[in-house]
Each structure stands twice: as C-alpha cells, then as structure tokens.
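Dear colleague,

Please find below the structure that I am handing over to you. My findings follow directly after it.

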Amino acid sequence: MADQKMKGRKVSLMILVLIFQVLSAPFHGCFAATSQGQPPRKRSLVQSLAVNGGSSVFLPVSGNVYPLGYYSVALGIGNPPKTFQLDIDTGSDLTWVQCDAPCTGCTLPRDRLYKPVKNNFLACKSPICAALHSLKAHQCKNPNEKCGFQVEYADHGSVLGAVVSDNIPLRLVNGSFSSPLLAFGCGYRIQNRGPHPPPPTAGVLGLGKSKASISSQLSGMGITQNVVGHCLSGQGGGFLFFGADFVPKSGMTWAPMLQNSFNKYYSSGPAELLFGGRPTGVKGLNVIFDTGATYTYLSSKVYQTVLNLIRKDLGGKQLQDVKDKALPVCWKGIRPFKSVRDVRNSFNTFALSFTGASNIQLQLPPESYLIVTEQGNVCLGILSGTEAGLGSSNVIGDISLQDKLVIYDNEKERIGWSSADCTRRL
C-alpha cells in the first residue's frame, strides 16, 4: 500500500543517509501536505530569479510527501543514455543506481538496471574513492583493485556495490550541452529486510557536501559552481538545480553552514524553537537539512515538547485523537478533512530562530508539519528521531521544506531559504 511504502521510506532511507559508511575490505568505498489545497502563497522569489553568471543545470522534480513519501528526478546515464529515476537526497554524498553486475535483490526488472562495462569501474587509487573514505585513512592493498561501497539501513537492509564512472548528459541553462564523466555507485547486492517495500526508484541522487557528490564533481570540472538548490511543491513536483544562476540577488534568508562534527551534512544552528512566536524553552538545536527524509525528526526530548505544545493548544477544539496507519499521531474532525487548509486554523506555527545572527528564522506553519490522509484525518509529520535510531540528531525533512526555495551554497558555506512557487518550469 502507498502508506506502507511511505512508512518504510521515512525510516530506512533516512538511516541510509546518516550511517553511510566506507568499507575497507575487500571492496573499498563507500519535514505542507502534498496534493492538498494550500493557503494563498506570497509572491514567489522563483518568478524573479536573478542570473548571476556561470552555467547551471535545471531538473524537473516529481513526487510528493504523501502518499508517495519521496521526491525524485530523471537522470540519463551512459552513451546512449538510459533514464533512471533517482531519489533526491541532500543527506547523502554518493549517487548510486541499481546495477546489473549481475544483481542480487534489485527491485527493478533487469532491462531497467544500469549495465556497467569493465572500463566503468574506478580503482581504489582514484580521488573519488579517497573522498568516500572521508574521516578514515584511505588505504589500498592493491591500488588497482575496484573501489567499493556499502550503505546500511535502519531495518538492517543494505546496498553493496562498486564505484563506477560514466557519461551523464546535461543541458545547461546557457544553452550549451555537456556530457561529463561522473562517478557514482553501481549497487549490485541489495537486501531489504524491513516489513515495507522500498520506493520504486532506481537509486539515490547524492547531493551532499563531499567531493563524491554530483555537485562537487561538476564544480571540480568547471561546469557549474558548487551550489545546489531545490523547490519541492506541496502540490507535488518541483525542481532541482546545480549552479548559481538561480540564486536570487535578494529576498533570501541565509544561515551559515556548521563546520564541526556535523560538517558532512548540510546543517546549521544553534537555533531556538518558537511556537506561536513565543519561546518554548528549547534552545541550542543544530539541525540537518535532508531531502532523503520524508518527515521531520527531532530528538526525543524536543519531540515530546513539540507534541505537548500541540496537544495543549488543541484543548477545547473539535479534534479527537484517532489511530491512522499513515503516522503515529493523528486527529479526526467532525467530518473528514480534504486538505491541511481545512484544519490549519486549529494549529499554530513553529519557527526555528537561529541565534548566531539576528532575524534568521525558518518558519514552519501547519502545512510544514501536517498531512491529511486518505481517511480524511490530520496527522503530525514530526517524528521522534530517537525512536527511529537517529540518536540526538534533529533532521528537517521534505515535509518542512515544501513550498520553499532552499539553496545550499557550498561556495560561500551558507544555507538559504524563502517561500516560493515551486511549480515553475523552464
């Protein structure tokens, strides 16, 4: 069922992002409800984007938070190119696709898998393989052996494979065409031990910060600047871009990227949590921006504070607790809801106020943390990250990034956001 797929995605892929590992032997390597009515939006910054020079790549996005549970792009790989639908994931560095090498456990038919040839495989001595080792010392028993990777999931599922390189054709917004040789993972041993099926995509588009990410590779080749942006529509779809052409000259809210133990992720902080514009007592939060997570995850103590605030605020309102298979915390009204707009007046706005600079806030209105299910109930799209195995991490997922232009500027080490119309097309 759709919500079962969504449920499996929101836990397992999130953990994939956070416990991505590089193994040393024998291979070396590697939170607005969708399809629902929305309140009137502010004038979109995306409608007046400024061109700042240089080349950029623009890719249409498909998908939604509910019921699918993921956003994806279509990317051509090879010569001639074969199209693969990939989850967009700012919490993961390495892009990987299901691969016929041959494959054990792949979820796609064999004719839809990537087929590598001998010359595609990268050697352990390659710079990309070294980048995948990040904090670990890069040691090769044999410099010419294949560079491998392994990704592990919360439900003990995993993806094992080798790093390859191939042409990925890209049309740039300046009218030119490029087909760079980019490195990515060829996943040929996939185990899904969880109770829910994985998303029906071919793999993951890694948009993280390391040299192994697609953005970093494009930047290193001089094709685009090392800037990634996305706009995920609450109505479904949206767009993704590489490069600085779509960075507005004004109107964005910018926060510095953290450069500490969180520096492998797009993170910022510390931040104070506000509810209805008032302090909640929760301070010092560092948050990770992660499109690989369907929902927003907070450490157990913060999550419990959020839940208590919402329940107290709902006192005297015509909403009752109800069980719904979509999410753990849900409410029903006198009659079924059709969209979050039907119930938004019963809920208040959260905000993250970043204390490192003045007037930097990430607003989280009801559309940024609620969904309306197929049963017409309204459910909380904020979950306990501790229960999901994320420890004390606080993760801002797709639901809270919808209808916002979000930009990860690795050139200036900053993260920006603003309300936007994400239905734009070129």
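The link of cysteine 103 and cysteine 106 is right-handed, with 90° about the S-S bond. In this predicted model, the sulfur atoms of cysteine 103 and cysteine 106 are 1.9 Å apart. Cysteine 103 is partly exposed, at a relative accessible area of 22%. A search of the whole structure finds 6 disulfides, and with the bonded cysteines numbered in sequence order, the pairing reads 1-8, 2-3, 4-6, 5-7, 9-12, 10-11.

Another of these links joins cysteine 129 and cysteine 147, with the sulfur atoms 2.2 Å apart. It is right-handed, with 95° about the S-S bond.

Cysteine 231 lies in strand β12 (residues 227-232), while cysteine 422 lies in the segment after β28, so the pair ties together parts that are 191 residues apart in sequence. Both cysteine 231 and cysteine 422 are buried.

Strand β6 (residues 147-152) deserves a separate remark. Of its 6 residues, 5 are buried, so the strand is largely enclosed by the rest of the structure. β6 pairs with strand β7 (residues 158-167) in the antiparallel sense over 5 bridges, and valine 151 stands opposite valine 159 in β7.

I turn next to an open sheet of 4 strands, with the order β19-β20-β24-β23 and antiparallel pairing. β19 (320-324) and β23 (370-372) stand at the edges with a single partner strand each, so one side of each is left without a neighbour in the sheet. From one strand to the next, the twist averages 40°. β19 and strand β20 (residues 327-332) run antiparallel and are joined by 4 bridges; aspartate 321 stands opposite tryptophan 331 in β20. Helix α4 (residues 300-313) lies across β19, β20 and β24 (378-380), running at about 5° to β20.

As to the aromatic residues, a search of the whole structure finds 13 aromatic pairs. One of them, tyrosine 114 with phenylalanine 184, is edge-to-face, with 5.3 Å centre to centre and 75° between the planes. This pair links distant parts of the chain, 70 residues apart: tyrosine 114 is in the loop between β5 (96-98) and α2 (127-132), and phenylalanine 184 is in strand β10 (residues 181-191). Tyrosine 114 is buried, at a relative accessible area of 3%, and phenylalanine 184 is buried at 0%.

The rings of phenylalanine 354 and tryptophan 417 have their centres 5.6 Å apart and their planes at 45°, so this pair is tilted. Phenylalanine 354 lies in strand β21 (residues 350-354) and tryptophan 417 in strand β28 (residues 414-419), 63 residues apart. Both phenylalanine 354 and tryptophan 417 are buried. One aromatic cluster is formed by Tyr266, Phe289, Phe354, Tyr408 and Trp417.

Two charged side chains also sit over rings. The charged end of lysine 146 is over the ring of phenylalanine 121, 4.2 Å from its centre, and arginine 414 lies over the face of tryptophan 254, at 3.7 Å from the ring centre.

With kind regards

How values were computed
Residues numbered from 1 in each chain as written. Predicted model: local features only at pLDDT ≥ 70, side-chain atom pairs only at ≥ 80, totals over all residues. Heavy atoms only, no water. Buried < 20%, exposed > 50% of the residue type's maximum accessible area, 1.4 Å probe, protein only. Helix = DSSP H or I, 4+ residues; strand = E, 2+ residues; numbered from the N terminus. Pairing = 2+ DSSP bridges. Axes fitted to C-alpha atoms, helices over the stretch in contact; angles between N-to-C directions. Contact = heavy atoms within 4.5 Å. Phe/Tyr/Trp six-rings, centres within 6.5 Å; stacked < 30°, edge-to-face > 60°. Lys NZ or Arg CZ within 6 Å of the ring centre and 35° of its normal. Disulfide = S-S within 2.5 Å.
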